[in-house]
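Welcome! Please open your viewer and get ready to select a few pieces one after another.

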Amino acid sequence: MNQVLIVEKDVRGYMKILFNRPEKRNAVNYQLMDELEAVLSKAASDDEVKMLILTGAGSQAFCSGGDLSEFHDLYTEEEAFTMLSKMGKILYTLAVFPKPTLALLNGSAVGGGCEIATACDFRLAKSGVKLGFVQGTLGITTGWGGASLLLEKIPEQKALKLLLDAKIHKAEEAREFGFVDKIIEEDTNGWEEFVEDLLRHETGVLMAYKKLLVKKWKDSGIKGRMEAEIRECAKLWATDAHHAAVDRFLNKKK
Ligand SMILES: CC[C@@H](C(=O)O)C(=O)SCCNC(=O)CCNC(=O)[C@H](O)C(C)(C)COP(=O)(O)OP(=O)(O)OC[C@H]1O[C@@H](n2cnc3c(N)ncnc32)[C@H](O)[C@@H]1OP(=O)(O)O
């Protein structure tokens, strides 16, 4: 079985997790979910890891969301709910991860890929990268709880616009929305400076600030809101409009 996650530990104190399915634009399948769940659990208790960086293998994609070919067999609301809530739990674990997390958008981030980026504390994007909460074009909504997190992270009006228009935006535009924290110019390691500014501090400092943020979210019932969001998506998943949209995507080149 191919390794769908590559995990690298850097002596400076970060762990880099690369989604490694470039031929599918790093889409999330069940294997990737299981590997991500395991690595998050290990990293949380690893004292050598002060922060996490999530990125995509290759230069084309960060992550294209759920693997539409693998999940197309899920037909009913309950079948969809089982898959969506499996990844929803992992997304929640990532959001409340006890150390800072950063999504390094090396390429396209669409659908659930944008939800994963949202669950991270920071989003740095290579100049020109395209991203979008495109779920609306598939007749569904965010299925892993990412909209509830987005509403916590950028102004509500801007979050709603990104979700409702379901369009692909350039990273530069997403920066104006507050979704992207920094644009990384081509062929530079502009992300390292951002990371080193954090890593210079003791783990205890990093974790204490993250704890404050997580407490705020837990007090406001973020988990329940994410679960309700997942249920809404599962209902839409079972509609003809969604199944037809996925058929169109999967058959577009045949
Ligand atoms: C299930 C949860 C739900 C959620 O909660 O949000 C979702 O995530 S729904 C999925 C939403 N994602 C999409 O709709 C993305 C679809 N993909 C694209 O729009 C584009 O592929 C891209 C990501 C913008 C990249 O474009 P490009 O670089 O031009 O590549 P191709 O389109 O030619 O794709 C190459 C190859 O990869 C396959 N692919 C891409 N994304 C997925 C995917 N999400 N699931 C399965 N397969 C995917 C694509 O079909 C091509 O395959 P081949 O034709 O066999 O080469």
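A crossing of two helices is called left-handed if the near helix is turned anticlockwise from the far one by less than a right angle, and right-handed if clockwise. Keep that in mind for the first stop, and remember that this is a predicted model.

**Stop 1: two helices side by side**

Select helix α1 (residues 30-44) and helix α3 (residues 77-95), whose axes come within 10 Å and cross at roughly 30 degrees. Angles under 35 degrees count as roughly parallel, and α1 and α3 are therefore roughly parallel to each other. Which hand does the crossing of α1 and α3 have? It is left-handed. Now show the side chains where they touch: Met33, Leu36, Glu37 and Leu40 from α1, with Lys86, Met87, Ile90, Thr93 and Leu94 from α3. Sorted by class, this contact of α1 with α3 has six nonpolar residues, one polar and two charged.

**Stop 2: the sheet**

Next, colour the strands. Six of them make an open sheet with mixed pairing, and the order to follow is β1-β2-β3-β5-β7-β10. Look at β1 (5-9) and β10 (182-184): they stand at the edges with a single partner strand each, so one side of each has no neighbour in the sheet. From one strand to the next, the twist averages 20 degrees.

Zoom in on strand β7 (residues 122-126), which runs parallel to β10 and is joined to it by three bridges. Pick Ala125, and you will find its bridge partner in β10, Ile183.

**Stop 3: around the ligand**

Select the ligand and its surroundings. How many residues surround the ligand? There are 25, and the closest are Gly65, Gly66, Gly111, Gly112 and Gly143. By class, the shell divides into nine nonpolar, eleven polar and five charged residues. At least two shell residues each come from α2 (68-71), β6 (108-110) and α4 (112-119). The largest share, three residues, belongs to α2.

**Stop 4: from α4 to α5**

To see the contact, select Cys114, Glu115, Thr118 and Ala119 in α4 together with Gly146, Leu149, Leu150 and Lys153 in α5. Four nonpolar, two polar and two charged residues make up this contact.

Definitions and conventions. Residues numbered from 1 in each chain as written. Predicted model: local features only at pLDDT ≥ 70, side-chain atom pairs only at ≥ 80, totals over all residues. Near = placed C-beta within 6 Å. Helix = DSSP H or I, 4+ residues; strand = E, 2+ residues; numbered from the N terminus. Nonpolar A, V, L, I, M, F, W, Y, C, P; charged D, E, K, R; others polar. Contact = placed C-beta atoms within 7 Å. Pairing = 2+ DSSP bridges. Axes fitted to C-alpha atoms, helices over the stretch in contact; angles between N-to-C directions. Parallel < 35°, antiparallel > 145°, perpendicular 65-115°, else oblique.
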